[in-house]
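Here are my notes on this model, for you to read alongside the sequence and the coordinates.

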Amino acid sequence: MRRDRALKLLLAAVLAGLVLWGGLPLRRHRHFGVPIVKGPGVTEVRKLSDYSPGLEGTMADTSVFVLQGREPGGKALIMGNTHSNEPEGMLAALIVIENAVVEKGTLFVIPFFNNSGSRNTRPGDGYPLYFDVATDWGARRFRFGNRDASPLDQWPDPDVYIHYPERQLLSYIDVRNTNRTWPGRAGGPLMERVTFGAMELIRREGVDIAVDVHGAETMFPVTNCIVAPEKSVKIATLASMTVKAAEGFESHVEPSPAGFRGLSHREIGDHSEAMPFLLEAPIPFLDQPTGPKTVRLLLDGKDPFLLSLSKKKKLFVPYDEDGWPLEKRVGQNLSVTLEIFRQFTKRTAARPIDVRGVPRYADVVASGVGRFLADPSKAAPGAVVVN
């Protein structure tokens, strides 16, 4: 009996040790802070809970960077990391924060829109917890997150998610997806409070343009594109045609489906005066038939299985030995965003949005993403916000 009891205690201790050994890296990842340097154009930093008080004190609350222009004009919102396993949106937003100067108008930038999702992962799929971007001064580390918010922050999931206010039935997991919970509500589940905060920001501040930056699989038909509803489609089309002619890359226009609810590119336009746009750049890492989900694949977008599928014409984007590297994806998002602002300004002269200092596609492809990221250790006192 004593021997059996000792064996059970030993096994329990081993099990507890394994749980601790496996859990500590996840805990460190959840609490890892990403420093963001306030660039020359940042005039204020707010919290999303300023617009949605139900977020205060939760892991879903996140920073909102304000870049007030030197002259009045229109207003735009840029959101990255709606899906935190699509880091090209977050990096594009950071480059804006750390480099942009607004001459006319105002920018609101949320680099970690689903902050809870950025602290979540998919260990069963072999997701890395972090990735490093090479810079002129070293490497800058970022959390690699998940598509959905952490169940530690919002749980349990319902059997079926009933969208508010349309009452469309969605998958249970969509209750933690901040591109399914728009327009949100103040007292709803946590991710509805996140999207409600963004809607309140848009409505209270009089935002004209809302850009939600994503990445999508090469095997997914809605990729390498601008998704826009009816009210935004003219500007989206002009932006698409201009970047193709002037900068040499494709970003076609996809219509926002009126019958599929909860999406930013649908609900923002239906519940405010703002014109929404959702950008999708191809990210091979998210495709299912790839090799291991490594940081290298995330950064260079090169995979032999996708190359084979491309030769059989199974992908929705051009794909060759060069893959789809991070600098192409980030550069594409920046150029399309700037072109949307330019096209809006051409047609709404009374509310211009004039942004300087942000690199375009060719600059990022030539120099790399890290060339446009600031060194937090060299920043002035008070110029770093940790998210």
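1. Helices here are DSSP runs of H or I with at least four residues, strands are runs of E with at least two, and both are numbered from the N terminus. Leu238 counts as partly exposed because its relative accessibility is 22%; the cut-offs are under 20% relative accessible area for buried and over 50% for exposed, with partly exposed in between (1.4 Å probe, protein chains only). Leaving aside residues up to four places away in sequence, Leu238 touches Gln343 and Arg347, where contact means heavy atoms within 4.5 Å. Leu94 is 144 residues from Leu238 in sequence and 26 Å from it in space, C-alpha to C-alpha.

2. A word on what we are looking at. This is a predicted model, in which local features need pLDDT of at least 70 and side-chain atom pairs count only at pLDDT 80 or more, while totals for chains, interfaces and linings use all residues. Residues are numbered from 1 along each chain as its sequence is written, and side-chain values use heavy atoms, with hydrogens and water left out.

3. Now the overall picture. The chain holds nine helices and 15 strands. Its radius of gyration is 21 Å, which agrees with the value near 21 Å for a compact globule of 387 residues; that radius is taken over C-alpha atoms, and the globule rule is 2.2 Å times the number of residues to the power 0.38. The C-alpha trace spans about 85 × 50 × 50 Å along its principal axes. Of the 387 residues, 56% are buried. Take the contacts between residues at least 6 apart in sequence: 74% of them join residues at least 24 apart.

4. Have a look at strand β3, residues 63–68. Five of its six residues are buried, so β3 is largely enclosed by the rest of the structure. β3 pairs with β2 (residues 44–47) in the antiparallel sense over four bridges, and pairing requires at least two DSSP bridges between two strands. Val45 has Phe65 of β3 as its bridge partner. β3 also pairs with β5 (residues 101–110), again antiparallel and over four bridges, and here Val66 stands opposite Phe108.

5. Helix α5 (residues 264–271) is mostly covered, with six of its eight residues buried. Those are Ser264, His265, Arg266, Glu267, Ile268 and Gly269. Their cover includes β4, α3, β10, β11 and β13.

6. β11 runs parallel to β12 (residues 252–255), joined by four bridges. Val227 has Glu254 in β12 as its bridge partner.

7. By contrast, look at helix α1 (residues 2–30), where Leu15 is placed. Leu15 is exposed, with a relative accessible area of 54%. Leu15 lies 30 residues from Val45 in sequence and 45 Å from it in space, C-alpha to C-alpha.

8. Finally, some backbone geometry to check. Most residues other than glycine have a negative phi, and most peptide bonds are trans. The Trp155–Pro156 bond is cis, with omega about 0°, and Pro156 is in the loop between β7 and β8. The bond from Trp182 to Pro183 is also cis, omega near 0°, with Pro183 in the loop between β9 and α3.

9. As for phi, Asn81 has a positive value of about 60°. Asn81 lies in the loop between β4 and α2 and is buried, at 1% relative accessible area. Arg167 has a positive phi near 65°. Arg167 is in the loop between β8 and β9 and is exposed, at 60%.
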